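Morning, everyone. Please have the sequence and the model open while I talk.

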Amino acid sequence: MFMTIAQPAVEPQGPDSVAVPGSPPIPALSPRALHARLLDNAALRRMRGAERLRSNRRDDADYWLHAAPVAVRKACSLRAENSLAPLP
């Protein structure tokens, strides 16, 4: 016996090109926008690590505090590759 599904169990939200067939592609970020996003990501990781330290969750804190420099290194290499103006 064949069954048809009237509605999917999960309705995707937003412009996720994998979840929504036929959706427009997500535009590539400019190097400056990507650099800003990486630095913002690093700041959020540091804040998450500090929050975990305050909650006495040392394992999580170590992970987030060690993950923050990775985003900074990626931002630095992006800045060098695209010859953006040097930081003061």
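Let's start in a loop. Asn56 lies between α1 (31-54) and α2 (58-81). Helices here are DSSP runs of H or I with at least four residues, strands are runs of E with at least two, and both are numbered from the N terminus. A word on the source: this is a predicted model, where local features need pLDDT of at least 70, side-chain atom pairs count only at pLDDT 80 or more, and totals for chains, interfaces and linings use all residues. Residues are numbered from 1 along each chain as its sequence is written, and side-chain values use heavy atoms, with hydrogens and water left out.

Back to Asn56. Its phi is near 60°, a positive value in a residue other than glycine. Most residues other than glycine have a negative phi. Is Asn56 buried or exposed? Exposed, with a relative accessible area of 70%. (Buried is under 20%, exposed over 50%, partly exposed in between, with a 1.4 Å probe and protein chains only.)

Now the helices. α1 and α2 pack at about 165°, their axes 8 Å apart. Axes are lines fitted to C-alpha atoms, for helices over the stretch in contact, and angles run from 0 to 180 degrees between N-to-C directions. So α1 and α2 are roughly antiparallel. (Under 35 degrees is roughly parallel, over 145 roughly antiparallel, 65 to 115 roughly perpendicular, the rest oblique.)

Last, a side chain over a ring. The charged end of Arg48 sits over the ring of Trp64, 4.4 Å from its centre. That label needs NZ of Lys or CZ of Arg within 6 Å of the ring centre and within 35 degrees of the ring normal.
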